[in-house]
Amino acid sequence: IEEAAAEQVKNNILVEDARTGLSVDALKRAISNNLFYVQGKYPEIATRNDYFMAISYAVRDRMLQRWTSSVRQYISGKNKIVSYLSAEYLLGPHLANNLINLDIYSQMEQAVKELGFSLDWLIDKEVEPGLGNGGLGRLAACYMDSLASLEVPAIGYGIRYQFGIFEQAISDGWQVEDTDNWLRRGNPWEIARREISYDVKLGGHVQRYIDEKGKLINNWIPGWVVKGVAYDTPILGYKVNTANTLRLWKSEAPRTFDFQSFNAGEYSNAVNQKIICENISKVLYPNDEQIEGKKLRLQQQYFFVSCSLQDMINIHLRSGDKIENFYEKFVVQLNDTHPSIGIAEMMRLLLDVHRMEWDDAWKVTTKTFAYTNHTLLPEALETWDLELFASVLPRHLDIIYEINKRFLVDVTLKFFGNHQKIDSLSLIGEGRRKYIKMANLASVGSFAINGVASLHTELLKKTVLKDWYEFSPEKFSNKTNGVTPRRWMVLSNPQLTKLITSKIGDTWIKHLEELKGLEKYAEDPEFQQAWMEVKLEQKKKLTRKIHGTLGMIVNPESLFDIQVKRIHEYKRQHLNVLHIITLYNRIKRNPDIDIVPRTFIFAGKSAPGYRKAKLIIKLINAVGKVVNNDPDVKDRLKVVFYPNYNVTNAQKIYPAADLSEQISTAGKEASGTGNMKLSLNGALTVGTLDGANVEIRECVGEENFFLFGLTADEVEKTKSEGYRPWEYYKNNKYLREVIDQINDGYFSQLDQLIFKELTDSLLYDDQFMVLADYQSYVEIQDKIDEAFRDKSNWARMSILNTARMGKFSSDRSIREYCNEIWKVESVPVELIDPSKTS
Ligand code: OX2
């Protein structure tokens with residue numbers, strides 16, 4: 001036995017015990033031990049949450065050897081580390097994902113069963129960390145999964161919001177928001193590292209003087225200081241030893257702080273200050289692609305970026321290397337402009353703290369940062385009012401002016417006499433009030449700039465970053481987004497995973513291109529049937545969920561037509577609604593009409609202050625109320641608004657989709673990632689030539705994709721020629737009927753005011769070309785109706801969609817970032833025996 005144990009240790013496998021063993025018995029013991037020794041509970045009084053916690057701790061214990069080994073190796077080794085800076089991470093629940101990546105799902109299922117529970121029931125108990133708004137935050141989570149799975153050394157840095165994205169409920173058809181108190185029952189996945197903390201200065205002024213050596217000194221005297229404390233969560237790769245770190249910062253008052261005021265007899269003032277400090281990481285701003293120029297938001301951005309850069313510099317210097325080589329240890333990816341203040345902060349740290357000369361500091365900075373742009377929407381391009389900026393970051397304003405001064409010399413030399421170019425490239429905007437352009441700061445300070453889908457990158461080069469592309473074309477490249485097949489197939493669609501694996505083995509989970517191997521079964525009637533049975537099973541599951549949540553009965557045999565994403569005018573949920581009403585009117589005109597029964601499923605949150613988006617939610621529910629209850633419809637149409645769309649709910653919805661609605665105005669959706677997850681799960685897409693839809697269509701084949709609508713070029717052309725939406729209304733009697741019904745109160749108990757803001761904007765403005773695309777949309781939907789009747793052909797198309805989605809794995813995206821931008825390689829982790837470390 002001793003010999004066998006020694007052999008196991010040699011092979012980096014620990015001797016099985018309650019803490020580390022992976023057998024069913026070891027897992028059971030670990031769960032019981034945690035319940036008793038950590039939580040002080042015995043089975044009869046343990047709650048469902050107690051069991052959830054016990055299991056999660058048992059799983060985390062089994063991740064720790066990988067985690068500590070990875071961190072140790074990466075920090076001390078010669079390798080470069082990818083640092084992903086993002087204000088948002090939309091991770092979704094951890095438990096099931098960690099079980100899959102650790103490869104102990106079935107053992108745990110058995111262990112839990114033997115303890116008298118079902119694993120699914122405990123998995124459902126987890127409250128997800130909703131630390132993001134939508135696609136941008138979810139992309140960060142997929143990329144963290146792929147980085148670890150590809151064994152790339154990486155740290156994700158962000159904010160540990162105490163309240164994540166609000167919880168959405170629907171009341172009388174309207175969205176109402178409730179706070180997301182996700183930490184209420186504790187978070188078993190994170191470890192607070194109180195010893196890892198940094199001070200962050202805010203406000204105040206800059207004192208300037210010449211020191212004894214004749215050097216100009218900029219001394220930032222802050223108005224106040226907050227402390228950032230690290231909270232670490234392991235991100236385990238799929239069946240590898242790598243476990244990377246997600247390090248989120250919580251803001252607190254610095255230690256010395258309340259004490260001083262307390263002595264001065266200002267106790268309540270001290271408590272107030274403590275609250276002000278804690279406010280910084282209190283809540284996630286719930287706007288997706290709409291900036292809110294609030295001071296607190298700037299403070300949040302600066303807070304997490306400053307902590308993160310101080311941490312990286314600390315890690316780098318501790319390894320004994322020089323500050324000048326920083327960029328050889330870290331490459332920093334900016335997830336949109338939210339962390340772009342990092343460029344000025346890096347300069348400040350190098351100049352003021354590490355006493356470097358400007359040119360040397362600028363060299364280090366511009367070899368460190370790379371910038372991803374995620375949107376072309378003007379309302380999402382970040383700018384900061386200069387006075388507000390100065391009141392939070394006075395020293396950074398100086399630095400930005402200096403960067404700008406030097407940069408504009410180069411610009412002037414290149415574009416001599418071209419004032420338009422100089423204005424557009426300047427970091428400072430001059431309007432009635434001056435403002436700082438964060439996309440320009442990100443662009444000047446980064447060695448690489450990328451868009452997130454091929455069309456998006458091309459449009460970036462032609463529009464918002466046109467002058468930047470002319471100035472430094474070599475910085476630009478495209479990195480089409482991707483999604484992780486671990487969460488979005490293995491975890492959320494185990495039945496389809498099993499069916500696929502029965503035909504082509506399971507290596508596709510790490511090499512998604514291998515799904516190609518399914519193509520040869522696309523015409524096989526037996527496989528088609530098995531495929532559609534899995535789909536039906538997923539639809540039945542969702543049907544039960546809908547019944548449980550909304551008390552609604554829907555027909556699982558009907559076509560599940562799904563649009564799930566943030567509610568936004570450019571995403572055009574209202575175009576979908578116009579089609580629903582069109583079908584309804586056909587039924588009303590001819591109750592015996594032969595149409596394919598459909599269940600329209602919507603889900604998504606609106607920014608709390610976005611009136612028109614909230615009105616769209618109300619409209620969906622109002623139309624649903626009429627359509628769902630009209631006896632003439634005979635249940636052939638059902639409209640469902642599934643509340644509180646988040647990762648947990650998305651995992652239940654995607655596998656059940658027959659049709660994926662990707663109907664944004666061409667040129668507006670930078671990429672989209674829901675489009676990828678739905679097609680991967682065998683849904684067919686109805687979509688415009690927008691974002692990644694273009695590439696999805698190329699991959700799955702145009703005959704397996706339902707295309708409609710104006711192209712991005714046509715949208716621009718139509719607008720420049722003077723778009724008059726009213727003409728479309730006037731000339732199309734079906735469209736006219738639909739809009740008139742909404743206006744006349746048909747769906748609002750004759751209330752004619754409620755939707756007026758929406759219909760007026762469609763008729764007289766229609767920025768997003770809803771009316772222009774209406775006819776084309778209805779026509780393609782009629783083709784879809786026809787196509788769905790041919791079950792075998794639909795199955796074939798569905799199989800081909802999945803089979804051809806290999807490109808859209810986030811593993812592929814991350815490989816491209818690694819090879820073309822970051823220049824980093826995989827570093828396989830060797831496990832260290834914890835009992836042998838000094
Ligand atoms: C989103 C984009 O809207 C979406 O198209 C893209 O797929 C996603 O980012 C990931 O790249 N906020 N959210 C986005 O952009 C911004 C800004």
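The following dialogue goes through a predicted model and the terms used to describe it.

Tutor: This is a predicted model, in which local features need pLDDT of at least 70 and side-chain atom pairs count only at pLDDT 80 or more, while totals for chains, interfaces and linings use all residues. Residues are numbered from 1 along each chain as its sequence is written, and side-chain values use heavy atoms, with hydrogens and water left out.

Student: How many helices and strands does the chain have, and what makes a run count as one?

Tutor: There are 34 helices and 24 strands. A helix is a DSSP run of H or I with at least four residues, a strand is a run of E with at least two, and both are numbered from the N terminus.

Student: How do you know whether the radius of gyration agrees with that of a compact globule?

Tutor: The radius is taken over C-alpha atoms, and the globule rule is 2.2 Å times the number of residues to the power 0.38. For 838 residues the rule gives a value near 28 Å, and the chain has 28 Å, so the two agree. The C-alpha atoms fill a box of roughly 90 × 85 × 55 Å along the principal axes.

Student: Why is serine 146 called buried?

Tutor: Buried means under 20% relative accessible area, exposed means over 50%, and partly exposed lies in between (1.4 Å probe, protein chains only). Serine 146 has 0%, so the residue counts as buried. Serine 146 lies in helix 7 (residues 135-149). In the whole chain, buried residues make up 60% of the 838.

Student: What does serine 146 touch, and what makes that a contact?

Tutor: Contact means heavy atoms within 4.5 Å. Not counting residues up to four places away in sequence, serine 146 touches Arg486, Ser810, Asp811 and Ile814. Across the chain, of the contacts between residues at least 6 apart in sequence, 77% join residues at least 24 apart.

Student: How do you know which strands pair with strand 12?

Tutor: Two strands pair if DSSP finds at least two bridges between them. Strand 1 (residues 81-85) and strand 12 have five bridges in the parallel sense, and isoleucine 81 has phenylalanine 330 as its bridge partner. Strand 12 and strand 13 (residues 369-372) have four, also parallel, with asparagine 335 opposite threonine 372.

Student: What makes strand 21 and strand 24 edge strands?

Tutor: They belong to an open sheet of six strands in the order 21-20-19-22-23-24, with parallel pairing. Strand 21 (637-641) and strand 24 (706-707) each pair on one side only, and that makes them the edges. Within this sheet, strand 19 (residues 559-564) and strand 22 (residues 659-662) have two bridges, and aspartate 561 stands opposite leucine 659.

Student: Glycine 691 and asparagine 704 are loop residues. Are they buried or exposed?

Tutor: Glycine 691, in the loop between strand 23 (684-687) and helix 27 (693-700), has a relative accessible area of 1% and is therefore buried. Asparagine 704, in the loop between helix 27 and strand 24, has 0% and is buried. The contacts of glycine 691 include Ala453 and Glu669, and those of asparagine 704 include Leu684 and Arg796.

Student: Which residues of helix 31 are buried, and what covers them?

Tutor: In helix 31 (residues 756-764) the buried residues are Leu758, Thr759, Ser761, Leu762 and Leu763. Their cover includes helix 23 (573-589), helix 24 (611-629), helix 29 (725-731), helix 30 (733-744) and helix 32 (770-789). Just after helix 31, aspartate 766 takes a positive phi of about 45°.
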